[in-house]
Amino acid sequence: MSRIFEITDKVRAHDPRADIDLINRAYVFAAQAHAGQKRSSGEPYLTHPLEVANILASLRLDDKSIVTGLLHDTVEDTPVTLDDIRERFGEDVARLVDGVTKIGRIQFQSSEHKQAENFRKMILATARDLRVLLVKLADRLHNMRTLGFLPERKQRAISEETMQLYAPLAHRLGIHWLSQELEDLAFSYLDPEAYRMLADRLAEHLDSLTSTRERLERILQEAVTRQGVEARVQGRMKHIYSLYRKMERKRLAFDEIYDLVAFRVIVKDIPTCYQTLGVIHSLYRPVPGRFKDYIALPKPNGYQSLHTSIIGPDNLRLEVQIRTEEMHRHAEDGVAAHWIYKSGETDKDGDRSLKWLKQLTELLQQSEQPGELLETIRLDLFVQEVYVFSRDGDLFALPRGSMPLDFAYAVHTDVGHHCIGVRINGREADFQTRLRNGDQVEVLTSPEQTPSRSWLRYVRTSRARQAIRQWFRRAEKEASMRMGREILDEVFGKDAKPPARVLKALECANVDALSERLGRGDIPLDALLKAAGRGPLASLRLRGGHLGLIRAARCCRPLPGDRILGRFEHDRGMIVHRQECPLIGDEDDGNPWTEIEWRPDPGKLYSTLLEVTTRNRRGMLSKVSGEIARSGAEIDDLRIRQLAGAMTTLTILVQVSDRVHLARVMREVRKLDGVAGVRRAMEPEAEEKRRETGWRRAFRSMMRKGFGQAREHE
């Protein structure tokens, strides 16, 4: 068990100005609050806050963080209140303890909606003061170290949460030793058999690996020293979970892993880093394609080093990282190495390293859908980066696999919205091109351009996805409100406002809220009529296009001007079918259908299906498609089916402005020599149902007729 004087000695060593008296008072207060409490291991409960405080001291955090580590469980597990903490230790400590307490109450093993909201709470609390998360990570680390005393079910649940959330967060903050220990501990409970196998194999080779590490440390140290470089060489062995992931990813056996030991060369300044790299490459052959310069291009969390792989002594393949002392401290402790609280502000390096957290916070504040929120978090936690440049030379770090639209939205949301194309390294490229390290990307824009839903297939970053979805959400909201107002005009009269009792009955704060919910389908039409004290409507007159106002059913593809039936579906708006559509009955779930008079939006085109039967003559397809184009319609899709008797059926998905336009197209196509017939068609499922319904109707008619003739014969 850690002792309080050991903790205060650590704190004093890195911060001579720390308030040691405050830490000692917090220790006494925690000891009194937790007196008599035991952990699952049987140890006094006080051992836990002491170990948490010791981890925080190892991270070189400030005195208030250490005090929070000592007190973090007092409000949750003892009669102590936040007011007690505030009175004795000040507002800062009370706020930190409150933040850690709230995170501790969050349950991530829950429904998607609840889980997403809990993620949001945790990240937003963290963004207000990063020390909240650092204390929570220290708390989780010690809990993982003592997890063996809990039931197996809890071990697995806590380990899963650690692997999915806390270890990636520690990695994202650059605290690699903490991330690696969390991963190894969680792995030991999630796959104990694989963990034991690897641990045993490493133990078998431990003596030889240790001997190899020490010998290579000495050889590398002597080599760089001979060249006049002041350096400190350290060897380290891969941790078990990273070894497991490498074996899984590359499908290697344990004996095929040759880089179980990696080396760090720590020097005094940046020029010496590059000098040392030259020395090592002059002595040992570098492995092609394995050099990375994270000094010139730091990772988003601020990590810097030169990485190279060499064929070292005895033909061993070695990984070597070269960095300064400051870089090494950041690599070990991550953002904690840069976080300064004496004045309540971070330093500039800390600000840069937390840019990802600030961006993530902005996205979480804007997210509305649980699935989108979880996707955002997973994308932002589990990433490897690719580094690209703007035309002006600005550097952007994007997730590996990013495409041009990701870059456009990283520059600015408006740049993304109006992007019509890109040039990569001076050459035009399409939206599916994957960006590579060092690419220079130029975005071409037009004020007339707006996002397309298909863009979601060509983006990797949560920022781009969120921006595209929000654009459509705003557009659909406006369209839903227009549709809702048209419905209100039908029910209450043109420009008349619904009575307050209707708003109250439907739980809407104002007319705009009622309009939006009506247009989106959240409030059924019959509920509105009931609240208004009206009977059923014979019909509705609506105008609408493609943005959430009216959605044409794909089965029968109705057009403005058709005789149609519609009904509201939750979060989808008005779904309309042609009245003769045979699938309407299949959807009869009690949600009422209403006759709709659907008027077209000027300039909009709507899709429907035509079936053209032709004789097998050369050039018929060209004739038909040419006539459709001359009639002002567009062809979206075409299916060809050969029939018996030298006939062909063309099923054409056309875009027209309304039913009248379609009738004109059909009339002109019917005039073509070789065309045997033209009719409106439906999708195969609806056509099959229509044929089946027609056959049954004919059969029943035949049976009635036959039965009547039999009666007459009798």
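1. Let's start with how α2 meets α6: L22, R25, A26 and F29 of α2 touch I85, R88 and F89 of α6, where contact is heavy atoms within 4.5 Å. By class, the residues of this contact are five nonpolar, no polar and two charged.

2. A word on the basis: this is a predicted model, where local features need pLDDT of at least 70 and side-chain atom pairs count only at pLDDT 80 or more, while totals for chains, interfaces and linings use all residues. Residues are numbered from 1 along each chain as its sequence is written, and side-chain values use heavy atoms, with hydrogens and water left out.

3. Back to the pair: the axes of α2 (residues 20–33) and α6 (residues 82–89) come within 11 Å and cross at roughly 150 degrees. The two helices are therefore roughly antiparallel (angles over 145 degrees, on a scale from 0 to 180 between N-to-C directions).

4. I85 turns up again in the largest nonpolar core, which has 92 residues; L71, I85 and F89 touch the most other members. Such a core is a set of buried Ala, Val, Leu, Ile, Met, Phe, Trp, Tyr and Cys residues joined through side-chain atoms within 4.5 Å, buried being under 20% relative accessible area with a 1.4 Å probe, protein chains only. Helix α9 (residues 130–145) gives the most to this core, nine residues.

5. Beyond its neighbours within four places in sequence, I85 contacts F29, L71 and V97, among others. A separate core of 43 residues includes F492, L528, F568 and V654.

Terms used:
Buried < 20%, exposed > 50% of the residue type's maximum accessible area, 1.4 Å probe, protein only. Helix = DSSP H or I, 4+ residues; strand = E, 2+ residues; numbered from the N terminus. Parallel < 35°, antiparallel > 145°, perpendicular 65-115°, else oblique. Nonpolar A, V, L, I, M, F, W, Y, C, P; charged D, E, K, R; others polar.
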